[in-house]
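Me: I am new to reading protein models, and I would like to learn how to describe helices and sheets carefully. Could we go through a few features together?

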Amino acid sequence: MAFLYPTFLAALAAVAVPIILHLVQLRRAKRVIFSNVRFIQASKDLTASQRNLKELLILLCRILFIVFLVLAFAQPFLPASDAAAPADASEVAIVVDNSYSMQNLHAEQDLTLLNIASDRARDIIRMFPGSTSFKVISGNSPGHGAPVQESEAEGFLTELDFSAKDLVFSRTATASRASHTFILSDFQKSTFKPSLLQGYDSTTQVHLVPIAAAATSNVAIDSVYLEDEFIRSAADNVLHVSLFNAGEEALEDVQVRLIVENRQVAALSVNLPPQQATEAVMNFRVEGAGTKRAYIEVEDYPVEFDNTYYFVLSPASNIAVTEITDNASSSLQRLYQNEPFFSFTSYTAGNINYAQAGTSDIIILNGVANLSSALAATVANFVKEGGTVAVIPPAGGEEAGYAALFQNLNIPASFTGATAASSKTNVAPPDPNNPFFRTIFSEYDPKMQMPAAVRSVAWSRASEDILKYRGGAPFLSRFDRGNGHLYMMAAPLEQDFSALANHALFVPIMYKLAIGSYKQQQALAYTLSGSTIQVPAISKTKKEGVYALQKDSLAFIPEQQVRGGKLFFDTPAAMDEAGFYTLQMQDSTITTLAFNYGKAESNLAQYAPDELRALVGPGRENVHIYDAEDAFSVKDAFEKRYFGVKLWKYCLILCLFFLMAEIALIRFL
């Protein structure tokens, strides 16, 4: 034990005062009044015993009162257990995690983790002297992390609200060079990594204060996607919704609603197994033209930020179909020209507008006998850049061009040399569970009559076999190459080689190939912390200016670049609210974009203090991890380590106790 002001110990000499008074009082004669001589001796013994005990107790109380009063002024304390740690308390950093996972409830109190973290932070602030300055740092950093005094720091903590911005620990390290940094967080397993603490050097004492949650149960809408990107007005469309149950218990009858333009168009209830994603399928219709604002909604408590997923349903433009053929009146012309949502163009192999063909959604090589090297290279590049190509082999002709195309795309296919006189094999009935045929059959007949065809082209190891011959050989397959797809048919469409053109499946198959090639010019939704966004730009000849994202009265100007007729921009750092934003240039609205929160915060599993200690390892002596208990455990552990245990308060309490004891002895004995 040591003393902060040891000179006050000289005042212990004042103990002599009550001792002298006690000795003087013993010499004073006292008159004893008695009524009978028989009781003189007994009365004398009893009175002396009581008087001596009382006076000794009073003397002891007075001595101890003076002793503890002097000790209170001398301020005794137990020295800090870590003498090598810095004792500088002039500047302290308080880092509070206010991400959306902190909406979860505390393990012991019916309060959010953010409320508990703010209360703990205030208790930590009160541990330090009044001269200490504090930096309050969070995801949205109130006060920009500038040093403030105690009252202002507590005001910042009171104003803290949830933020979509991640708490970047390395950024807080550079923003704060304080000798002590306290990090209060739930330390999620999905977001916290020990490497995030590397920004703090060994001179900074980092204190990790875990805030334990009551449970980790949470339902999040992970993503949505359309069965095909071609959205039909006043027709059935299919939406796939991925739901993730992060909890350890299965959930039953979770209500899922689809809202389009503030009107519920579909609803269902699903059962969610624990700790895995479940896909729900919803059928819906949209009415009218124009972009539709839509969102999926579930009910889940207490973490609610991920209960809504916003997305945009943009009307589908016409699908550009380009046919390259040697037949001036092929069956595909009548097939695609009968539907208004197809924009069909046909070229002969020797008269192709390559610029126009490059803007197509799908290119169909229909029986091209002589495939030039230029056309083969163009088709291969078209596939690699994300386009869709369907290859229908010719009845005869040069095979060198196709061999170059197959080699360029690494497709293991070759011509078999089959002729019209070759034997034909029936095609097997399609698999109704194949996504390609999912919306084709209203009633599936496994005994349906299928067409017969020769096998002009043979291949292996396709990405997917859509149709097969009886016996297992592929008839129609898809090859994924680069960002695009190539569909290969094994037989020409001529009647002598295949009966597919006259079969009922021919129309839906060719329509499905074209519709599957359609790609929306913008995604259904984006993430606030996502990568670069790409949308079509306005032609500079029409208007010049700066693009801006606007939501209600807020406008954000992102870093942007226009090249190749497309606008590329990053999500502005200041955007932290999910919802719908309009992309505008001056007063013109270009399109509507939907933004959602990142999904890392939806997984509420958190590290326990022992797990944190194991992750940090023994090599980081400046990193201290506290148990997830009340604020007093953090306060006591910190004071013992750095400030020592101050005993003057206990001395003052004992001083008052012995003063009251003296008064009681005088009055009641």
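This is a predicted model: local features need pLDDT of at least 70, side-chain atom pairs count only at pLDDT 80 or more; totals for chains, interfaces and linings use all residues.

Me: How do helix H3 and helix H4 pack, and at what angle?

Reply: Helix H3 (residues 113-125) and helix H4 (residues 150-159) pack at about 175°, and their axes lie 10 Å apart. Angles over 145 degrees count as roughly antiparallel, so H3 is roughly antiparallel to H4. On the side of H3 the contact is made by Ser118, Ala121, Arg122 and Ile125, while H4 brings Glu150, Ala153, Glu154, Leu157 and Thr158. Sorted by class, this contact has 4 nonpolar, 2 polar and 3 charged residues.

Me: Which residues of helix H11 are buried, and which are exposed on the other side?

Reply: In H11, which spans residues 609-616, the buried residues are Pro609, Leu612 and Val616. Seen down the helix axis they fall within an arc of 55°, and therefore they line one face of H11. Asp610 and Ala614 are exposed on the other side. The buried residues are covered by elements that include strand E6 (205-210) and strand E33 (623-625). After H11 comes Gly617, with a positive phi near 85°.

Me: In what order do the strands of the open sheet stand?

Reply: The order of its 4 strands is E10-E9-E12-E13, with antiparallel pairing. E10 (263-272) and E13 (308-313) are the edge strands, each pairing on one side only. Between E9 and E12 there are 5 bridges, and Leu258 stands opposite Ile296 in E12.

Conventions: Residues are numbered from 1 along each chain as its sequence is written. Side-chain values use heavy atoms; hydrogens and water are left out. Two strands pair if DSSP finds at least two bridges between them. Helices (H or I, at least four residues) and strands (E, at least two) are DSSP runs, numbered from the N terminus. Axes are lines fitted to C-alpha atoms, for helices over the stretch in contact, and angles run from 0 to 180 degrees between N-to-C directions. Angles under 35 degrees count as roughly parallel, over 145 as roughly antiparallel, 65 to 115 as roughly perpendicular and the rest as oblique. Contact means heavy atoms within 4.5 Å. Ala, Val, Leu, Ile, Met, Phe, Trp, Tyr, Cys and Pro count as nonpolar, Asp, Glu, Lys and Arg as charged, and the others, Gly among them, as polar. Buried means under 20% relative accessible area, exposed over 50%, partly exposed in between (1.4 Å probe, protein chains only). The arc is that of the directions from the helix axis to the C-beta atoms.
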